[in-house]
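Here is a short note for a colleague who has not looked at this structure before. The points below can be read alongside the sequence and the model.

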Amino acid sequence: MKSVAALLLVGMLIVWTELPAGTAWSCPPVRITCAMHNPPNSCYTDRHCPRPKKCCMTFCGRRCISRPPVNPI
């Protein structure tokens, strides 16, 4: 019985470490593209941004952006 509980605990820890960290919102879609061949990036992952912001592709390179406003229905 103890071995089953230990295996369950180890399995839960593995699943917990695989969960993504950060916010639940995703980056907005990019509808316009930049004319530059290789635009500069100010970030590469969410870890390069301050806590509430996220590293997203913008119309001209990757930038740290805030959560987009929620559209009321």
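Predicted model: local features only at pLDDT ≥ 70, side-chain atom pairs only at ≥ 80, totals over all residues.

1. What is Cys27 bonded to? Its partner is Cys56, and the two form a disulfide with an S to S distance of 1.9 Å. The torsion about the S-S bond is -80°, and the link of Cys27 and Cys56 is left-handed. Cys27 belongs to the loop between H1 and E1, while Cys56 is part of strand E1; the pair links distant parts of the chain, 29 residues apart.

2. The two ends of this bond can be set side by side.

3. Cys34 sits in the loop between H1 and E1 and Cys60 in the loop between E1 and strand E2 (61–65), so the bond ties together parts of the chain that are 26 residues apart in sequence. Cys34 is partly exposed, with a relative accessibility of 22%. Cys60 is buried, its relative accessible area being 12%.

4. Cys49 and Cys64 are joined by a disulfide as well, with an S to S distance of 2.1 Å. Is this link left-handed or right-handed? The torsion about its S-S bond is about -85°, so the disulfide of Cys49 and Cys64 is left-handed. It links distant parts of the chain, with Cys49 in the loop between H1 and E1 and Cys64 in strand E2, 15 residues apart.

5. Here, too, the burial of each end can be given. Cys49 is buried, at 11% relative accessibility. Cys64 has a relative accessible area of 23% and is therefore partly exposed.

6. How many disulfides does the count come to? The count is 4 disulfides. With the bonded cysteines of the protein numbered in sequence order, the pairing reads 1-6, 2-7, 3-5, 4-8.

7. Val30 is another residue of the loop between helix H1 (2–18) and strand E1 (54–58). It is partly exposed, because its relative accessibility is 38%. Which residues does Val30 touch, once those up to four places away in sequence are not counted? They are Met57, Thr58 and Phe59. Between Val30 and Met57 the C-alpha to C-alpha distance is 7.2 Å, although 27 residues separate them in sequence.

8. Thr58, one of the residues that Val30 touches, lies in strand E1. Is Thr58 buried or exposed? Its relative accessibility is 18%, so Thr58 counts as buried. Leaving aside neighbours within four places in sequence, Thr58 is in contact with Arg63 and Ile65 as well as Val30.

9. The last point concerns rings. The charged end of Lys54 sits over the ring of Trp25, at 5.7 Å from the ring centre. Searching the whole structure for aromatic pairs gives 0 of them.

How values were computed:
Residues numbered from 1 in each chain as written. Heavy atoms only, no water. Helix = DSSP H or I, 4+ residues; strand = E, 2+ residues; numbered from the N terminus. Buried < 20%, exposed > 50% of the residue type's maximum accessible area, 1.4 Å probe, protein only. Contact = heavy atoms within 4.5 Å. Phe/Tyr/Trp six-rings, centres within 6.5 Å; stacked < 30°, edge-to-face > 60°. Lys NZ or Arg CZ within 6 Å of the ring centre and 35° of its normal. Disulfide = S-S within 2.5 Å.
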